[in-house]
Amino acid sequence: MEKVVRAETAGFCMGVDLALNKLDSLIESKDRGSIYILGPIIHNPQVLEEYEKKGVITAESPEEIPKGSFAVIRAHGVPQNVEEELRVRGINVIDATCPKVKKAQLLIKRNTTDGRVLLLYGEDSHPEVKGLLSYAPSGTCLFDSTEELKAIELDPNRRYCLAAQTTQDRVIYEEIIKYLESKGLDVIVLNSICDATRQRQEEAIALSSEVDHMIVVGGRISGNTRRLVQVVETAGIRCTHVEMAEELPLEELKKFKRIGLTAGASTPKRLVDSIQQILEEI
């Protein structure tokens, strides 16, 4: 191998940094009770394991969090009613929702209170999506591709609001916008895809044109990491997705002269550093 080329944007984004800083500050505080997070604060198993060792408890439902304790809302956000329920029950809520996700939630709320139906481009099982859907009081339609949207029978007499999960593919979102415009529907389009996501995807595509193989580092449950793999493969470059250095197929990678390295927005720098070091050694 001649060279390893690392993407400048590889690793934590601003939203993840902010969320973890809030959790760290709470852990360091002396005047506090038990600390809970409602679901993973970010989608990276190694980071979650570290916080577990520090005594942070991951709750799967709001009911598991006792009165008087602290509940940190994850970077992906939670449904409106869940946050309200926590506060009503006397739980100290620390909102660590990514500002970009919070902005998307409020944009959806502002543009659907007049009866518009939300059309949301996102993953059905993703926690961010569940939160976004809760901010649309007049009905929702969720789809994960242009094909899925085309299968939905949209009423020309209704008004719609289009939004996307913040980590979705901007190119596909543009296709979706053009399709809806061709249908002549009354649609307000929201710009809800995060700039950090766009930058990472664009850099991954540009980098993939300069190398023989790409390595994407990040949690398998991380939507934005999976999307990086998707955009690289769509660009026609072979790609390996790993969570940890031990998963690298070293013998296979020796065949390539130039390897590109990037990482999802919830991947710690130390993990990317360790993988870069191993790649440079081979």
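Glu 251 is exposed in this predicted model, with a relative accessible area of 59%. Its salt-bridge partner is Lys 254, and the closest N and O atoms of the two are 3.0 Å apart. Lys 254 is partly exposed, at a relative accessible area of 42%.

Lys 269 and Asp 273 both belong to α11 (residues 269-281), where they are four residues apart, about one turn of the helix. Lys 269 forms a salt bridge with Asp 273, with 2.9 Å between the closest N and O atoms. Here the lysine, Lys 269, is exposed at 57% relative accessible area, while Asp 273 is partly exposed at 28%.

Side chains of opposite charge can pair when their charged atoms come close.

Helix α8 shows how buried residues are arranged. The buried residues of α8 are Ala 196, Thr 197, Arg 200, Gln 201, Ala 204, Leu 207 and Ser 208. These residues cover an arc of only 135° around the axis, so they lie on the same side of α8. The elements that cover them include the strands β1 (3-6), β10 (213-217) and β12 (258-263), together with the helices α7 (170-182) and α9 (223-234).

Notes:
Residues are numbered from 1 along each chain as its sequence is written. This is a predicted model: local features need pLDDT of at least 70, side-chain atom pairs count only at pLDDT 80 or more; totals for chains, interfaces and linings use all residues. Side-chain values use heavy atoms; hydrogens and water are left out. Buried means under 20% relative accessible area, exposed over 50%, partly exposed in between (1.4 Å probe, protein chains only). Helices (H or I, at least four residues) and strands (E, at least two) are DSSP runs, numbered from the N terminus. The arc is that of the directions from the helix axis to the C-beta atoms. Contact means heavy atoms within 4.5 Å. A salt bridge is a side-chain nitrogen of Lys or Arg within 4 Å of a carboxyl oxygen of Asp or Glu.
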